[in-house]
Every structure is written in C-alpha cells, then in structure tokens.
Amino acid sequence: MSLATATPTPSAPPPSPSIAERAPRRRLSPERIAATLTLGAIVVASVIALADSGISIPSMIESWGNAERFFARVGPITFPEPGELLYLTALTIGLVLCGTLLAAVISVPVAYLAASNTTPGPGWQAFGRFVTVLTRAIPDVVLAMVFVLMFSLGSLPGILAIGIHSVGMISKLFADAIEQIDEGPRRAIRAAGGSKLQEFTSGILPQVLPSWVATVLHRNDINLRGSVVLGYVGVVGLGHDMSFAFKSLNYSLGLGIAIVMFVLCVVMEIISSVVRQAMLGGAPSGRGLGDRVVRGVQNARRRADVSGTRSATAGAEPAGSRDASSPVGRSSTSGSAQLEAALRRPWDAVRIRNTVWGWIALAVVVGSVLVCNIQWGDLITFWAKVPAIAVQFWPPSFGNYDAATMFGAMLQTIGIALAATLLAFVVSVFVGSLAARNVAPNAAVRTSMRLLLVVIRGIPEVILAIVLIVITGLGSQAGTLALAFGGIGLLGKLIADSFEEVKSGPERALRATGASRGQVYASATLPQGMRALIGHSFYLLDTNIRAATILGIVGGGGIGYYLLNAGQGSNYAVVTAIVLMILVTVLIVEGLAMWMRRVFR
Amino acid sequence: MSTPAGNEDPVVIEVSGLTKEFGRTVALQGASLTVARGEIVVLLGLSGSGKSTLLRHLDGLETPTAGSVRVLGQEVPRLTGRHLRALRSRMGFVFQQFDLVPSLTVLENVLTGALSELRGPRLGLWSYPRRLKLTALGHLDRVGLLDRAYQRADTLSGGQQQRVAIARALMQDPEILLADEPVASLDPESSEQVMSLIREIAMDAGLTVVCSLHQVDLALSWGDRIVGLRHGEVVLDTPAEGLSKAEVMEIYGRVATSTTELEAIEVELADAAADAAAETRLADGALRT
C-alpha cells in the first residue's frame, strides 16, 4: 500500500521548463574536442596498422610450426669458450657502465641548468632543457654508427653513444630530483656565507644523491639491454658476437649468446636493486624482478634471526630514543683529550657498510675502465677527422632511394609502433587490471598476473625480436610482436600500479550501493585511473617509436633497415636524412603526448 | 666604512624606513630598528606581521623595496658576492625548521657552518681540516650532543636537531645571532631547553641576538627588549623588564584598528595551548592502543 497511489494527482502545474531544459548544458572546450578527435584518429590508425601487419591467428600457428622446424634444425645451443665468454661479458658490462657513468657526469651540470630552483636564468634553463630533449631524441644506435666511423675500432664508440644518448633521461630525472629538495638546508648554508658551489655540494647534493644513484642504476639496466643492438653497428661486446653469429647462420651460437645476455640482464637488475637498497637504507619498494629477490632474501634472513638479539647500531637508532640523556646548558666542558678521542669516528655498522660499498663501487668503476681498454689518444686524434666526416653528413639527401620509399619506410615504422602499442594496450588493460589489488577477484589471480608481468619484463625486447625474426623471417610482423610483448610488461605494470593508487572511497561507496564487481571497476576504478592510463599509453607509444627504428636494424622492418644500409654503405647524407625524419617523428609524438596529458587531466 | 674600527661601534644593526613588497602584499612598511652590541632583542608579532622578512633582510636573504639596512657598519642591500658572504659569515642564523641536511652526519652538518672560511666545495667529513673538526666537536659538546656526532641528522628529535643547528651557527664564530621562530616546531620541554641554551651562549660570548617569537609569555621572560610588529610596522619597542603580559596586550590593543586583532592574539595563544594539550592526548591515546 503505497502513499503515491493514494494521493490524488494534482492539477497540472503552470508550464515551467522541464528539468532537462533547466539543467546547464555540458560545456566542452574546443581543445578537448580536438584532443578527443586526435586520440580517435590515433586509435583508428593503430587498428589499420594492426590489420596491415599481417598478424593473424593462423599465421601465428603456422609460425609455431616454423619454430619447431627451426629449433630441430639448430640442434643443441652452444656457447663461446668460457674464457672468451667471460671476457665478452666483462667487456659488455664495463662498456655499458662507463657509458652510463659518462652520461651521469655530463648530466650534473645539465640538470643544474635545467632545474627551476638552481638555474642561473631562463636562457640557461631553456638551454639545459634543449640538451635534455635533443640527446633523448637521437637514438644511441645512430650515435654509435657515427662514432664507429670516427674512431678506430674499440670501446670508445659504444661508451660515447651510450654516454650522450643517456644524458636525456638521466639529466631529466636529476633535474626533477633537484626540484624536489627541501630548500631549508640550502638556505641555511647561504645564510652562513657559503658560495653557490658550496650550496650545491653541501646543501643539495646530499639530498639528491640517493635518488641520483637510483636513476643511474636504472638507466644502466636499460643500457645493458640496448647494448645488443649496438653490437649490430659494430660496437664490441656480446651483441657484436651475437650479430656476427646470426649473420654467419650460426644459430646455435647466436641463441646461446642471447641466453647469456638474458641472464646477464636479470642478474644486473638484481644487483642494482641490492645497491639501491644499500644506498637508500630501506626496503626496495619497486616490484621489479630484482626487487622481489632482494625482498625474499631479506624476509628469509629476518625469519632466521628472529630469535637473535637485536643489534642496535648507532646510526639506525630511532629519533629521540635516548633523548634528554645529556642535560643542556650545564656547560659540559669536556677536556680537549675527550674531543681528540671523539675525532675518531667509531666503526659502527653503518660506517663499515658505507666503506665496503664505496670500495666495491670504486673497484667496479676502475675495473670497467680497465676492461674497456680505452684508447685515450683517439679522443684527441678524432677531432682531426671530424671536419672530413662532418662534410659527408651534410647536406641530407635520400641518395639512391626515392622519397616515396623512405617516407613509406618511416610510415611502416610508425605503423609498427602504433600496432604494437594497440596490441599491448588491449592485453595490458586486462592483465594490468587483474594484477591490481583492488580489482583482482582474489590474491591468487593478482599474484599470478604480477608474476607474468615480471617474467615478460625480464626478456629484453631486442633479443625477443631477433629470435622472432629468426623464426618468422624478416619483416614487420616479428617487430610488431616483439614490441607488443615487451610493451605488455611495461604498460601492464604501470596500469596495475596506478589502479592500486586510486582512492578507495568511491569504490567502497559503489560497493555499498550494491554494485557488482564489474560495475565498481567501470564506474569507480577506471574513471579515476583514466588519466594515468592515457599518460602511460602515450609513454609507451613514445618508447615504441624509438624502439621500432632500432628493431629495423636487426631486421624487424621499417626505416631502421635503410638506416643500417646507409651507414654500412657509407651513404652518410642518407643517414642524416633518416635521422632527421626520426627526430621530427619523435618530437611530434612527444609533443602530442604532453598535450594529451595536459588536456585529459 | 667597513674598517676594523666599525667593530667598536656600539650600534651593530640599524634599520630605517624598511619597506618590502611581494607583488601586491606589503610585508614590511617603513620598519625601523636599532640594536646595540650585546643586546638580546625579541621580535614579537603574529604570523604575517613581518618578523621573518625583517630577519631575512638583516642577513641579505631578501632585497628591500625601499629603506636602508646597515649591519656591522655595512649597507647590506649594496653587498654582493664575496662581500655579502663575508658579512653573512659574521651572523649566525637559526631557522624554525632547523634546516639540517637529513642524510649527513650531525658533525658534518655542524661543519657546514664553517664553509665560508673554507674555499671550494666540501662533501664528506674527510674534506674538512682536523682543526675545524675539533672546534665542531667542541660546539657539539657545548650543546650537549657530543655523543651523537656521527649519527645521521634525521635520526635526532626536533629539539636535538635545533641544538645541532645552534652548534652550526656557533661554527661561524658569529657576532650576531639571528633566530627565526626557533622553537615554533618544538614541544614545550624542548623549547625551554633550546631557548635557555641560546641565552646562555649569547651571554657567554657576548653575542647580539635578534630572535622572532609569537608567544608573549616566552618573549617577556626571555628577552631584554621587546620589539612588536604588526602589519609590517614597528608598534612597540620597550625593555622587557617590568613589562607584564597585560601591558603588552594593552599596547597591542591601543594600536589595533579593531578589537579583532587583540582577540586574534588571545585566540592564537589559547589555540597554541589547546593544540599542545590535544597533541599530548593524541600521543597518550596512540600509546595506549
């Protein structure tokens, strides 16, 4: 018995505008419309590119047959001689480390100029940012190609290529760290009469150092993966021997080196995680493979000495635990002998740990420089060759190729990147969502999805591409698949992390209204994570465009193939033209990404 | 002008007609202040009254919009580079947030106070001469923290950190000590320790002290002379001795354009007391659960 039916229907009220008319119109800014249309166009282009790439279930099944036949033909996988293998491994690591360190050294002044709180002026800041963007946009492979020409063979081309290209990312992150410092200590040093340089070394550097070290280690991992491709353009190391093995159809050796490289990448990630932990003094927060192993070891150790006595080190003591032990003001004038004694810093656990790590780091750096056997003389003599070689690079031209071929190849590269991003996006949203704690139906699903992402990230894309190319033959199909696969590892993790970071309030509110799990996901989780989703996807597209040019070098189709050809055929004007095309494309995508992130905020 | 004879000058700080505008907000409006050597002066005022801005002008951390700032016989706004750093090194500065470098050891934080007498950048204890390390340890002993010398600064409590900051200022062997709300971030007990430490050190070394505070009671019991600021203007300048809280309030009331300002002073005092009480309750609760 409801009240509504009981009340007599009132006579129609005077005609007032209906609620639909009175409601304010939803306002759309022209910029947002333009951005939405652009986004739509990119998605359509990606779908077309994916359709064109010839990836289909039947062809994948077919290539599975290829793979079986291929592995049957290759026979047992072989490795280089142990001594040779050891040397190559040391050389690869040393070279990558030297390059990354060079980049770190160059990045310090660049970051100082680019950071808004340290820059001497707007002009300097613009210059710093320009260096950051430019070095990031020129692929390290192109730099390596150029440097291989200028230096007699050796490790210098690789070191310089890695060193210059990495400045882009390292200086950007260095500058971000400087901008996030607490200004107080710096101001205190200024107030005490310290110079600008002293402000930096005593007030800023100690604050940013842990973050800087983490950045350098992170970049070092990336560079190690990238060093495989550098081998294809003549940089010494494991990559070079692998490319040589594949070119001479020695697949069993090539695959062997690929496996070594894969193991090396994983080991390196674990080591850098350990070092980061030692630097930051806390438990690693990342979810990388290395971080996981470290956490596991830590937990095991904690369980082991849970009965043991708690060793209270002076440095790790919580604040104020022994406060007010010494009365203030009752001028405790200790004798000078006591002060002399206090000069000797006690060897507590913290000091021992820092010293040991310091010496190990120094030994690794010195070892790297030694194993690289750098021909320092080249650094002087090469200036003489610069003019002669520089002339060959200018003016840019397409040489024997016609413009249509080149633009077609560039479009193919963009197509590979778009298709791979789309594929990765679709799978990542699924896998990444299920890997998020607040979306996954249970812990088992979440854990297995996280594990899947970790395993995918562990495989270097280039190695995957090379193996796929060997199996399916040259062409864009292998490149697209490799990029998509690698993209899932990256994007899936980013999506899972940002979905876990959304506010839980709206989700709880929807659940309280009786919404289903899927409804909560669609109406609370997804809208909150949308901005991050778009941002991360463009980041992936950005990365994939760069990676797609590189994959062409190992045979994955697109502009990279012509780049390698032009470089090996000494058509340097063509190299310049291709690099300019890549540069423009990368800058456009980066600009688009920045615009999208701003509009869809 | 800046001859050694200037040191004998009984007047060490001379501010006249100081005006500072940040965009459209006026932080200081024709403020004047004269401080003689060895005086212990409190700048009293609510937040936003211009105390910090005035202190920062004394150290050359801000440039005035108008007016003159003479410290130790030198016109501060005219100084740049080396000369400004030289003058700054003769003034210690203690900040509200302590402003220690969290990841450095206590001893190295104290040593950064001596940077102006060293040339070039320093990082790590080894880069400081032994003589300075001994001096720094002596200052740490003076503030009662010798046993913490090799701990990271961020492992110390707030009160301890402020004592380290005082030791850092002593490292400069200053003639003037400037303190900007040195105890605003501390609990009552640590505040007491820090304030009496500053006073004892100042008396021992004959330092001139200019310290900003917002608590009337503390200012009256601690300072020799009270300088009241309101809306960037000096509204009160009188010896602290014999002055009562009611009198201070009355003076503030007389210059206040409305009673609301006087109320604001009372409310702020009451709030501070209530906050402290609430924090204690919270801490107790946290312990119990």
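**View 1. The largest nonpolar core of the predicted model holds 104 residues.** A:L238, A:M406, A:I466, A:I553, A:I559, A:L563 and A:I578 touch the most other members. A nonpolar core is a set of buried Ala, Val, Leu, Ile, Met, Phe, Trp, Tyr and Cys residues joined through side-chain atoms within 4.5 Å. Helix α24 (residues 572–599) of chain A gives the largest share of this core, 14 residues. Another core lies apart from it, with 62 residues, among them A:A342, B:L118, B:Y128 and B:L137.

**View 2. Surroundings of A:L563.** Contacts (heavy atoms within 4.5 Å) link A:L563 to A:V142, A:M145, A:I553, A:V575, A:I578, A:V579 and A:I582, not counting residues up to four places away in sequence.

**View 3. B:R168 sits in helix α5 (residues 158–170) of chain B.** Its relative accessible area is 4%, so B:R168 is buried (under 20%; exposed is over 50%, partly exposed in between; 1.4 Å probe, protein chains only). A polar atom of the B:R168 side chain lies 2.8 Å from the backbone oxygen of B:D99. Beyond residues up to four places away in sequence, B:R168 touches A:A188 of chain A and several chain B residues, including B:F95, B:F98 and B:N109.

**View 4. Positive phi at B:F98 and A:N373, neither a glycine.** B:F98 has phi near 65°. The loop between β6 (91–94) and α3 (106–111) of chain B holds B:F98, which is buried at 9% relative accessibility. A:N373 has phi near 50°. The loop between α15 (349–372) and α16 (376–393) of chain A holds A:N373, which is exposed at 52%. Helices (H or I, at least four residues) and strands (E, at least two) are DSSP runs, numbered from the N terminus.

Residues are numbered from 1 along each chain as its sequence is written, and chains are lettered from A in the order in which they are written. In this predicted model, local features need pLDDT of at least 70, side-chain atom pairs count only at pLDDT 80 or more, and totals for chains, interfaces and linings use all residues, while side-chain values use heavy atoms, leaving out hydrogens and water.

Notes
A polar contact is a pair of N or O atoms within 3.5 Å; within protein, one must be able to donate a hydrogen and the other to accept it, and residues adjacent in sequence count only if both atoms are side-chain atoms.
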